[in-house]
Amino acid sequence: MSIDPVVNALKSLAKPAASLVINQAQRNESVVRLLKQFNFDPVQPPKDVDGVYVYSLIEYGVDKQEVILNLFREREIKKSFWSAYTANNPLGFYQEVEKFLQSKDLKFEIQRSRIELRSELEEFGETFIKIAKKTSSIEFQPFPEWNLDEYPTEFKSLIKEKIRSFCGRQFVFDTFQQFRNKHSRGYFTVVGDAGMGKSTIAAKYVWDNKSPCYFNVRSDGRNRAELFLESIRKQLIKRYQLQNADKANLADLLEQVSKKIPAGEHLAIVVDALDEVEQEAGGNLLDLPTALPENVYFFLTRRPYTIDKKRLSAPDVPTQELDLRASQYASLSRDDIKEYIRFFLNDDPDYKNAIKQWIQERDIADDDFVDQVATKSENNFMYLRYVLPGIAKSDYNDLSLKQLPTGLQEYYQIHWERMGMDNKPQEVKVFILFILVEIGTPIPCEMIAAIAQQDEYDVQVVLDEWVEYLKLQNLKGENCYSIYHNSFLDFLKAKRVLDATRKLFQEVNKWIADYLVNKMA
């Protein structure tokens, strides 16, 4: 069937660039209506390639901007998509689209509309695969892994969330560039306290350079050497078409890769949060090689450490550390912090209006707000990540600018007190948080309720109250919770130590043990 009438119908539903996405119920209704309009069965898609392409375009295209719809109507784009699909080469599709757009007005329209082309091509491909699976036709098999990035799917949401409001930190990237210019290989490490933006720096470097990467996340159990090697191995095999490397160790992989790196180029592997790695004593963290081949670098991040915790020995490999806490970077970090505050104040679509209203009600000049909040942040981005949305959500309507908390730990303490956590009636809330601390991995509300011997509904209310500090994941069909960030985890652990004499905290591990024993009985 002709694709033009379908695209024209979708255009009638296309959203302006600045508008909000329609809600899911409205969207589903529009998809069903359009499918029926073009004689498609909303339950059972057609089995031919052309039909599935159009069917997928309808499901993908409702509420999309007109410019991206115009791209998918092009015959060359459709042909390139099917070639990439059958060759299991999604990156090839992206490259063909980029080539197609060269010197075309459509390219500038896409850029002007601030459309992330790679994300849109990936979303369409994922939609097509979902529809193809419903056909049960062997013509679409095997189904490709539709990932248009060199880095793994498991880190995509983390990377995109980290870079959403990225600001500054150019001095870090410049220093790494200087390190590479000076040395033919090496380990470069960014060191900083919790909340100083290390993971965001890593995510930004990966996003800009499409680097192989691994983000250690203790709360997900994604912080072990074997998982790191498995992930990096897959990435390097895919990137460099390595042969017979399915069981190679990292040192051997890098030797193979070094022979395939084009002249004048290099490989930089990004590894975030070495401090979160769980590994038996002895050897380098993540078994990082003691020697590196030419043109191979590691860009690492970690929290401050004692010498016995370093565990990165490579005597003949150039190494350098950039400590974000160093006085020489204080003014640069403050400039980045101020840029970040201005982003929230002037550009962030979710919070800018409410923050402006807050400062206008207090007759504060924009520059004064930026300066004072920057000072209170103590150059900590995590502080701003909590406080600026808190201002927008009216959490501080009873405070003046000077009364805002100073620093991340004071922020946690003030919120703790505001929630009445030290009051006797709130002991159950404290108990629930400390169950999360002691368990250390994501667990469902039902399990927390069983350990705490509380009604599941009451536990869910507590979890909802602390939602901004907790990470929610769906694991095997269950909503599971864990502590969102190490800085909050450290705060809670300090609370536990300070209040060690209280019977409530002494009982946490006993109740967990009792639960596990009963579970095994």
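This section describes the sheet, selected helices and aromatic contacts of a predicted model.

The sheet is open and is built from five strands, arranged in the order β2-β3-β4-β1-β5 with parallel pairing. The edge positions are taken by β2 (213–215) and β5 (319–323), each of which has a single partner strand, so one side of each is left without a neighbour in the sheet. From one strand to the next, the twist averages 15°. The pairing of strand β1 (residues 186–191) with β5 is parallel and extends over five bridges. Within this pairing, Val 190 has Leu 322 of β5 as its bridge partner.

Helix α12 (residues 225–240) packs on the sheet, where it touches β2, β3 (267–272) and β4 (296–302). The direction of α12 makes about 155° with that of β2. Ser 231 belongs to helix α12 and has a relative accessibility of 7%; because the cut-off for burial is under 20%, Ser 231 counts as buried. Leaving aside residues up to four places away in sequence, Ser 231 touches Pro 152, Glu 154, Phe 155, Cys 213 and Tyr 214.

The loop between β2 and α12 contains Asn 223. This residue is also buried, with a relative accessible area of 2%. With residues up to four places away in sequence again left out, the contacts of Asn 223 are Tyr 214, Asn 216, Val 217, Arg 218, Glu 276, Val 277 and Glu 278.

In helix α16 (residues 352–361), the buried residues are Ile 355, Trp 358 and Ile 359. Viewed down the helix axis, these residues fall within an arc of 90°, so they line one face of α16. The other side of α16 carries the exposed residues Asn 353, Gln 360 and Glu 361. Packing of the buried residues of α16 is against α15, α17 (366–377) and α18. After α16 comes Asp 363, with a positive phi near 55°.

Tyr 340 is part of helix α15 (residues 330–346) and Phe 381 is part of helix α18 (residues 381–392), so the pair ties together parts that are 41 residues apart in sequence. Tyr 340 and Phe 381 are both buried. The helices that hold this pair, α15 and α18, are also among those against which the buried residues of α16 pack.

A single aromatic cluster is formed by Tyr 53, Tyr 60, Phe 72, Phe 81, Trp 82, Tyr 85, Phe 93, Phe 124, Phe 128, Phe 140 and Trp 146. Charged groups are also placed over aromatic rings. The charged end of Lys 104 sits over the ring of Phe 100, at 4.4 Å from the ring centre. In the case of Lys 133, the charged end sits over the ring of Phe 143, at 5.5 Å from the centre of that ring.

Methods:
Residues numbered from 1 in each chain as written. Predicted model: local features only at pLDDT ≥ 70, side-chain atom pairs only at ≥ 80, totals over all residues. Heavy atoms only, no water. Helix = DSSP H or I, 4+ residues; strand = E, 2+ residues; numbered from the N terminus. Buried < 20%, exposed > 50% of the residue type's maximum accessible area, 1.4 Å probe, protein only. Phe/Tyr/Trp six-rings, centres within 6.5 Å; stacked < 30°, edge-to-face > 60°. Lys NZ or Arg CZ within 6 Å of the ring centre and 35° of its normal. Pairing = 2+ DSSP bridges. Axes fitted to C-alpha atoms, helices over the stretch in contact; angles between N-to-C directions. Contact = heavy atoms within 4.5 Å. Arc of directions from axis to C-beta.
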